[in-house]
Each structure stands twice: as structure tokens, then as C-alpha cells.
Amino acid sequence: MEQRIAVDGEEEPTTTKRSEKRRKRRLLTLPPKIYFHAFSGKAGIIPSILAMCEKGNVSRDNVYFGFAPAIPNYYSPKTPSIMKQIGLRQLVLETDLEDASNGWEDLKRGVEGLAMALDMDVEDVAEQTYENAERLYLL
């Protein structure tokens with residue numbers, strides 16, 4: 001129930017319209033795209049993450065998840081099912097190597113790992129993750 005106070009004989013909400021607008025803007029303002037780097041959450045959290053993003057006016061198509069072969073959770077038995085639940089269109093390749101000279105090989109391992117987890121052809125995964133990166137980074 002909204003509390004009201006009398007101002008010059010008229011009832012008015014205790015919050016001003018301007019402060020209410022600011023509060024709503026703070027609650028609903030998220031970046032236009034969201035990227036979960038080195039995602040290591042459980043499969044059950046993904047629907048909640050996507051719902052939260054949509055509540056903040058971020059389309060599911062603009063929510064991305066990354067998995068890096070350099071991170072131990074990449075090799076967890078649960079990771080392939082999480083990748084499948086997310087879907088290839090929302091996955092991006094990443095490396096977390098301290099030595100960038102091995103980055104290309106790590107990206108290849110990433111493509112191969114995604115292809116194996118999703119039971120897809122390596123070339124198809126490479127092409128789609130390239131397109132995903134273009135959408136994410138506006139390349």
C-alpha cells in the first residue's frame with residue numbers, strides 16, 4: 001500500500017515521480033549484452049540467469065557464456081551438459097593463458113572441446129563461435 005501525505009490540500013505519493021523514475025532506471029539498466037566469462041555455474045542456474053537478464057531488458061540472444069580449456073572446470077563431467085543447455089549460438093571461445101603465444105592452440109582445443117560436447121563437426125563449431133564473437137563484440 002502506497003503511503004500518501006497531504007500537500008496543499010491534495011494527497012501526493014511520498015516518493016516523487018522523478019525519484020521513482022530514477023529507482024526504476026537503476027533497477028532495469030543492464031548493459032545491452034552480457035558475457036559470463038569462464039562460466040562454472042551449475043546447469044540449474046542457467047534459467048535463473050537468463051530470466052534475470054530478460055528482467056533487465058537484455059534479450060537471451062545477447063547473453064553469452066565462455067568456457068576456457070585453461071580453466072579446470074572445462075574438463076568437468078558436468079560441463080558438456082551445461083554447454084548443451086546453453087546452446088552453441090550463445091557460446092564463445094576464450095583462453096585464460098598467461099602466455100599469449102599459446103593462445104591459438106588453446107582456441108583450437110576450445111573448438112574441439114565444444115564440438116565433442118555438442119556432438120558437432122569442428123568446422124561448424126568454429127564458424128558459429130566466430131559469428132558469436134562478431135555479434136558479441138560488434139566486429
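**Pocket lining, loops and backbone of the predicted model**

The lining of the largest pocket comprises 11 nonpolar, one polar and three charged residues. The model is a predicted one. In total, 15 residues line this pocket. Leu93, Trp104, Leu107, Val111 and Thr129 lie nearest its centre. Strand S5, helix H4 (103–118) and helix H5 (122–137) each give two or more residues to the lining. H5 supplies the largest share, with six residues. The volume of the largest pocket is about 330 Å³.

The overall chain was examined next. It contains five helices and five strands. Along the sequence, these elements follow the pattern β-β-α-β-α-β-α-β-α-α. The protein chain has 139 residues, and 30% of them are buried. Its accessible surface amounts to about 9,500 Å². Carbon and sulfur atoms account for 55% of that surface. Contacts between residues at least 6 apart in sequence were also considered. Of these, 65% join residues at least 24 apart.

Gln90 sits in the loop between helix H3 (79–86) and strand S5 (91–93). Its relative accessibility is 9%, so Gln90 counts as buried, the limit being under 20%. A polar atom of the Gln90 side chain lies 3.2 Å from the backbone oxygen of Asp61. Asp61 is also listed among the contacts of Gln90 that leave aside neighbours within four places in sequence.

Ala68 occupies the loop between strand S4 (63–67) and H3. Ala68 has a relative accessibility of 2% and therefore counts as buried. Neighbours within four places in sequence aside, Ala68 is in contact with Tyr74, Glu94, Thr95 and Asp96. A further distance was computed to Phe39, 29 residues from Ala68 along the chain. The C-alpha atoms of these two residues are 8.6 Å apart.

Met120 belongs to the loop between H4 and H5. With 34% relative accessibility, Met120 counts as partly exposed. Leaving out neighbours within four places in sequence, Met120 is in contact with Leu88, Ala115 and Val125. Leu88 and Met120 are 32 residues apart along the chain. Their C-alpha atoms are separated by 9.8 Å.

Backbone angles were then considered. Most residues other than glycine have a negative phi. Asn57 is not a glycine, yet its phi is positive, at about 65 degrees. Asn57 lies in the loop between helix H2 (46–55) and S4. The relative accessible area of Asn57 is 61%, so this residue is exposed. Leu138 likewise is not a glycine and has a positive phi, here about 55 degrees. Leu138 is located in the segment after H5. Its relative accessibility is 71%, which means that Leu138 counts as exposed.

Technical notes. Residues are numbered from 1 along each chain as its sequence is written. This is a predicted model: local features need pLDDT of at least 70, side-chain atom pairs count only at pLDDT 80 or more; totals for chains, interfaces and linings use all residues. Side-chain values use heavy atoms; hydrogens and water are left out. Helices (H or I, at least four residues) and strands (E, at least two) are DSSP runs, numbered from the N terminus. Buried means under 20% relative accessible area, exposed over 50%, partly exposed in between (1.4 Å probe, protein chains only). A polar contact is a pair of N or O atoms within 3.5 Å; within protein, one must be able to donate a hydrogen and the other to accept it, and residues adjacent in sequence count only if both atoms are side-chain atoms. Contact means heavy atoms within 4.5 Å. Accessible areas come from the Shrake-Rupley method with a 1.4 Å probe; for residues, only the protein chains shown count as cover. On a 1 Å grid over the protein atoms alone, a cavity is a set of points where a 1.4 Å probe fits but cannot get out, and a pocket is an open set with protein on both sides within 12 Å along at least five of seven lines; lining residues have an atom within 4 Å of a point. Grid points are joined across faces, edges and corners, and a volume is the space filled by probe spheres set on the points. Ala, Val, Leu, Ile, Met, Phe, Trp, Tyr, Cys and Pro count as nonpolar, Asp, Glu, Lys and Arg as charged, and the others, Gly among them, as polar.
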